[in-house]
Amino acid sequence: MITNDCRHDKDQTPAMPQHLTLLLECPLVIAAIFVTGIGGTFQYGFCISVMTSPSDFIKELVNKTCLHRYGVSLDKSQVSLIWSFTVSIFCLGGLLGTLVAGPLVTKFGRKPCLLLNNLLAIIGAVLMLVSQAAMSFEMIMVGRFLYGINSGVSLSVHPIYIIECTPKRLRVMVGVTIASCMSFGKFSGQLLGISELLGTEERWPWLLGFNGFAALLQLFTLPFLPESPRFLLLDRGDRQACEKALRRLWGNKDHSMEVEEMLQEKAALENVRSHSVMELICDQSVRWQLITIIFTFTPLQLCGINAVYFYSFEVFGAAGIQEHQLRYAALGTGLCELATSIGCFMTIENTGKKVLLFRGYLGMSATLILLTITLYLQTHISWMPYCSMVLIFIFIFFFAGGPAGATAPLPGEIFTQSFKSAGYTIACTINWTGLFVLGMIFPTLVEKMDYFCFLIFLCFCVVCGLYVWFYVPETKNRTALEIAAEFRKMHSKPGEPQREINMKQEVNKTQANETKF
């Protein structure tokens, strides 16, 4: 059993943080972090950033294909339209993957879904690799669509699996690795896209096909990891397999307390099947959990992070960085996000998720205000672009150290087992819809409002930060049932006597025990 009374020698200097000591006692959990991450949210992050480098080569392929096949030379606007569709079809695939992931993960399990999901990325990679030789930009579209489905499933299943394989004491910290793998994917796409590596006219198909190599790595290593213990006990009802998985993941210790907590949740949910998305939306008992998902996942795409990355090239250029060096400067933003995400992994156990979210959105709000001012003044004051450049890195620091790291595992923490799949489906649907909508309206926002578009993103940051501070309980070291009770306590009606609330909770507990026996 993973206990909280891990003792250290007082004379030991320096003393390793307790949560890191506990994590090192679970080597297979560490392996699961890397194995599930490389075929999970890494794929999403890589697909988001990788298309920037070969954009000119793909547009040239589009024009050559139409000229060779149809004898038609496309103008610039037509090529841009096809290019935009090629980029956006990734979001459509992601939305489809999210919608099918919930039922599949409930019926077949977490591990089989992750394994089969890799086949989509491998097929997409093959299409990417042969697209140039076949003179077919349609292969790139189909490949991006398959990558989207793969990423949609990964964003739903990867967090569920890794959170359920982790001891309660470490779930908040390990949950940050979901965002760390995503940041590593973004940075890898930027790094491999430079001209010294795969960002050339001859090697760009290998750049787009790199997702297939990541999928192969997970396909060959994931079979050595066990299925999620919570799925085995709560969904399959196989206590023996659950205890065996716990021993493999957490070591040969007494895990009876963890099994008992799962059994309590199973008793409370006896004869309750996994709920659909519509049932989750209509169920009043999880209303505030659903509202929390909406308020925390909507700003992930609408907080301004993509706008900051967009304006970074303009700011770096104004600061004197040559055009051919902008791609290398952009590596700094990806490296900043990755480093901050790792730092968040080290500190979240001491800080708590609620504080990180509030502090992150508060810092992002202040940075957006200052960035709008500096962008406005950079044509009037020669040194102002350097201030804008610093603010870009500060914004990325607050984003990666707060919302990016703390939001992704949230549905797995605040929903019980019967609502978990539906909760992730809604969360990922919001994420993909936000990404698609932003891709459609952001060019218009920039054209009409220029850098004042940051003020729109500012509103999302302020509203979400205030909501988290006043309406979301801390999730650290708490089970889903404990968090649900805290939600009821926080959002009880002002006129309702505390005695009545206690009576309701006692009735629920009695009913759960009656069901158990």
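**Reading a helical model**

Biologist: Which residues of helix H2 are buried?

Modeller: In H2, the buried residues are Val29, Ala32, Ile33, Val35, Thr36, Gly37 and Ile38. Bear in mind that this is a predicted model. As a general idea, an α-helix has 3.6 residues a turn, so residues three or four places apart point the same way.

Biologist: How many residues does H2 have, and what span is expected for it?

Modeller: Helix H2 covers residues 27-38, which is 12 residues. From its first C-alpha to its last it reaches 17 Å, close to the 16 Å expected at 1.5 Å a residue. H13, residues 256-268, has 13 residues and reaches 18 Å, close to the expected 18 Å. Its buried residues are Glu258, Val259, Met262, Leu263, Glu265 and Ala267.

Biologist: How many helices and strands are in the protein chain?

Modeller: The chain has 25 helices and 0 strands. Of its 517 residues, 53% are buried. The accessible surface comes to about 22900 Å², and 65% of that belongs to carbon and sulfur atoms. Among contacts between residues at least 6 apart in sequence, 81% join residues at least 24 apart.

Biologist: Which contacts show such a link for a single residue?

Modeller: Take serine 365, which lies in helix H18. Serine 365 and valine 462 are 97 residues apart in sequence, yet their C-alpha atoms are 6.3 Å apart in space. Leaving aside residues up to four places away in sequence, serine 365 touches Leu458, Cys461 and Val462. Serine 365 counts as buried because its relative accessibility, 7%, is under 20%.

Biologist: What describes the packing of two helices?

Modeller: Two packed helices are described by the angle between their axes and the distance between the axes. Here, helix H17 (residues 326-351) and helix H18 (residues 353-377) pack at about 115°, with their axes 7 Å apart. On the H17 side, Cys344, Ile348 and Thr351 take part, and they meet Lys353, Val355, Leu356 and Arg359 in H18. By class, this contact has 4 nonpolar, 1 polar and 2 charged residues.

Biologist: How many disulfides are there?

Modeller: The count is 0. The cut-off for a disulfide is a pair of cysteine sulfur atoms within 2.5 Å. For cysteine 459, the nearest cysteine sulfur is that of cysteine 461, 9.2 Å away, so cysteine 459 is in no disulfide.

Definitions and conventions:
Residues are numbered from 1 along each chain as its sequence is written. This is a predicted model: local features need pLDDT of at least 70, side-chain atom pairs count only at pLDDT 80 or more; totals for chains, interfaces and linings use all residues. Side-chain values use heavy atoms; hydrogens and water are left out. Axes are lines fitted to C-alpha atoms, for helices over the stretch in contact, and angles run from 0 to 180 degrees between N-to-C directions. Helices (H or I, at least four residues) and strands (E, at least two) are DSSP runs, numbered from the N terminus. Contact means heavy atoms within 4.5 Å. Ala, Val, Leu, Ile, Met, Phe, Trp, Tyr, Cys and Pro count as nonpolar, Asp, Glu, Lys and Arg as charged, and the others, Gly among them, as polar. Buried means under 20% relative accessible area, exposed over 50%, partly exposed in between (1.4 Å probe, protein chains only). Accessible areas come from the Shrake-Rupley method with a 1.4 Å probe; for residues, only the protein chains shown count as cover. The expected span of a helix is 1.5 Å times one less than its number of residues.
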